[in-house]
Amino acid sequence: MKLTLRIPPLLLFVVIVLAMWLGRGEGRAPPLWLVLVATLWLAGALLGGGALLHFWQQRTTVHPQRLESSRVLVTRGVYRISRNPMYLGLLCWTLALACYLGGMAVWLGPLLLWGWLTRFQILAEEQALRRQFGDAYDDYCRQVRRWC
């Protein structure tokens, strides 16, 4: 499909966050929810940061549209929790923002991010990794879930 691998995930994230901010209601998160907001934000930072660190250590690309440049199948650290910790980190951040902003409409943001990344980014990445790493990638997929 023409949309597959066309929109960089970080750009999609920024557009969704801006839409969530512009579409926010008048309510704000109750004080107790701020603990959840902080927890989700921290989880997103640890997942995304950990994933980037492992990619840099292995000297492989983090560019989501240059899949053929992947040199190593990274399976340690946060990649034992999720096959897509960078995307899971972005999802945690949109969930944190939805909790913070309150209102029903903002929950479309995390839902859209999850659906778009799964359909137009992750499925194509999985095909490319399967072609490049074969059985090793299939074994990894059997051990670790796509999101978490």
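The accessible surface of the protein comes to about 8800 Å², and 66% of this area belongs to carbon and sulfur atoms; areas come from the Shrake-Rupley method with a 1.4 Å probe, and for residues only the protein chains shown count as cover. The model is a predicted one, in which local features need pLDDT of at least 70, side-chain atom pairs count only at pLDDT 80 or more, and totals for chains, interfaces and linings use all residues. Residues are numbered from 1 along each chain as its sequence is written, and side-chain values use heavy atoms, with hydrogens and water left out.

**Fold and dimensions**

- The protein has five helices and zero strands, where helices (H or I, at least four residues) and strands (E, at least two) are DSSP runs numbered from the N terminus.
- Along the sequence the pattern reads α-α-α-α-α.
- The radius of gyration is 16 Å, close to the 15 Å that the globule rule gives for 148 residues, so the protein is as compact as a globular protein of that length. This radius is taken over C-alpha atoms, and the globule rule is 2.2 Å times the number of residues to the power 0.38.
- The C-alpha trace spans about 50 × 35 × 25 Å along the principal axes.

**Burial, contacts and charge**

- Of the 148 residues, 42% count as buried; buried means under 20% relative accessible area, exposed over 50%, and partly exposed in between, with a 1.4 Å probe and protein chains only.
- Of the contacts (heavy atoms within 4.5 Å) between residues at least 6 apart in sequence, 77% join residues at least 24 apart.

**Annotated segments**

- An unreviewed UniProt entry places the feature "transmembrane region" at residues 35-56 and 86-108. UniProt positions are given in the numbering used here, feature names are shortened, and annotations may be inferred rather than shown by experiment.
- Residues 35-56 are 100% helix and 0% strand, with the end C-alpha atoms 31 Å apart.
- Residues 86-108 are 74% helix and 0% strand, with the end C-alpha atoms 20 Å apart.

**Positive phi values**

- Most residues other than glycine have a negative phi.
- Leu5, in the segment before helix H1 (9-22), has a positive phi near 60°.
- Arg59 has a positive phi near 55° and lies in the loop between helix H2 (33-58) and helix H3 (85-101). At 65% relative accessibility, Arg59 counts as exposed.

**Other loop residues**

- Arg80 is in the loop between H2 and H3 and counts as exposed at 61% relative accessibility. Not counting residues up to four places away in sequence, Arg80 touches Thr75 and Val144. Arg80 and Gln143 are 63 residues apart in sequence, with a C-alpha to C-alpha distance of 8.2 Å.
- Gly103, in the loop between H3 and H4, is partly exposed at 46% relative accessible area.
- Gly134 sits in the loop between helix H4 (108-133) and helix H5 (135-143) and is partly exposed, with a relative accessible area of 24%. Gly134 and Leu90 are 44 residues apart in sequence and 28 Å apart in space, C-alpha to C-alpha.
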